[in-house]
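This report looks at aromatic ring pairs and at one helix with its surroundings. The structure is shown first, and the reading follows.

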Amino acid sequence: MPEKSGLFAPVRLGSLDLPNRIIMSPMSRLRATTECVPTPLMVEYYTQRASAGLIITEGTHPSPMGRGYTTCPGLHNEEQVAGWRKVTDAVHAAGGRIFVQLMHAGRVSHSSLLPNHAQPIAPSAVPVVSEEVHVWDGKVPFEIPRPLELDEIPEIVEEYRRAAELSIEAGFDGVELHAATGYLPNQFQVSSSNKRTDAYGGTLENRTRFTLEVVNALCSVRGAERIGVKIAPGFTVNDTFDDDPAETYTYVAKALSPLGLAYLHVGYDRGYARGTAPNFNPIDLLRSVYQGTLIAVGGFDRQRGDEAITSGRADAIVFGRLFISNPDLVDRLRLNAPLSEGDVRTFYGGSEHGYTDYQILSQLHSSEC
């Protein structure tokens, strides 16, 4: 396949020109400080992967109550802004582009991680029961969340808007809203976790209202062309069960379509280790109803990625685990070079081992000489 076709063709996402269509997936790696400040190790990690058409950061909470993990990064105070600024400056100096993914955990959290040991918040008092939450001393069951009062919801939306403002100070090229895999917007979207009877529950219009209000708040700061949204139709990670997922996510995609976003990020991976997959292909379901740029994730390799782009099924392809163990993934895909395997024991938390010490091709070749 010619060099400038498929994965290696340039593409415009909103107001951003990308040199290729290989996107680095947001992946929690838990290397921030206990105060959720990005570290020098994170600077090195993201800079190593700057050849991606676009980097999307790991999930980053927009407020202290949005935290869901131990050493995950945040974006709600000046120290965090300064830490992220070092990341974005280094990525830009290396020729890259980077969006921050804003992820409010909602009920996918624990009081030991929250200010004053507060009860996690959610649309309704429905806990996650199929999994356990990682806290400082190991794994424990999820707690029953506190339902948000109606007048609290605008405050949460404002926290997202403020995080978008801070994303400018931190030097990010744009923002992705995590509205997938059981985090707060997704908790509003699906019928299993949203039992509200007010303007944010019941009908599809009401269950989608929170997501759209957050997206509009982000757009009011950055412009729609600098905003992406991630959804994962039909996947049940963190107990995101829905009575009719195809109908629900088609409605969500149609509601987002007229906004002129940079992209819609659609997850599809039957090999996902948690939860169950839908009995439909979300990419194909939504391609026909979402009129903007669609980026797709789901166990792609070079051949399948090229085929998805040239056939029009997707406009860019998101790679996850392969970027963990192959910081020079773009070069390896271009050369059809062997790919390194990742060490799953080091995926979540730890030191530089399994994080910044994966070798690039030139290092591997020199070590063989």
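## Aromatic pairs

A residue is called buried here when its relative accessible area is under 20%. The model is predicted, and a search of the whole structure finds nine aromatic pairs. In one of them, the ring centres of Tyr 45 and Tyr 46 lie 5.0 Å apart with planes at 70°, so this pair is edge-to-face, given that angles over 60 degrees are classed that way. Tyr 45 and Tyr 46 are both buried.

Another pair joins Phe 99 and Tyr 263, whose ring centres are 5.8 Å apart and whose planes meet at 35°, so the pair is tilted. Because Phe 99 belongs to strand S5 (residues 98-102) and Tyr 263 to strand S12 (residues 263-267), the pair ties together parts that are 164 residues apart in sequence. Phe 99 is buried at a relative accessible area of 1%, and Tyr 263 is buried at 0%.

## Length and ends of H2

Helix H2 (residues 78-93) has 16 residues, which at 1.5 Å a residue should span 22 Å, and the distance of 22 Å between its end C-alpha atoms agrees with this. At the N-terminal end, Asn 77 caps H2 through a side-chain oxygen 3.2 Å from the backbone nitrogen of Glu 79, while just after H2 Gly 95 takes a positive phi of about 90°.

Notes: Residues are numbered from 1 along each chain as its sequence is written. This is a predicted model: local features need pLDDT of at least 70, side-chain atom pairs count only at pLDDT 80 or more; totals for chains, interfaces and linings use all residues. Side-chain values use heavy atoms; hydrogens and water are left out. Rings of Phe, Tyr and Trp (its six-membered ring) pair if their centres lie within 6.5 Å; planes under 30 degrees apart count as stacked, over 60 as edge-to-face and the rest as tilted. Buried means under 20% relative accessible area, exposed over 50%, partly exposed in between (1.4 Å probe, protein chains only). Helices (H or I, at least four residues) and strands (E, at least two) are DSSP runs, numbered from the N terminus. The expected span of a helix is 1.5 Å times one less than its number of residues. A polar contact is a pair of N or O atoms within 3.5 Å; within protein, one must be able to donate a hydrogen and the other to accept it, and residues adjacent in sequence count only if both atoms are side-chain atoms.
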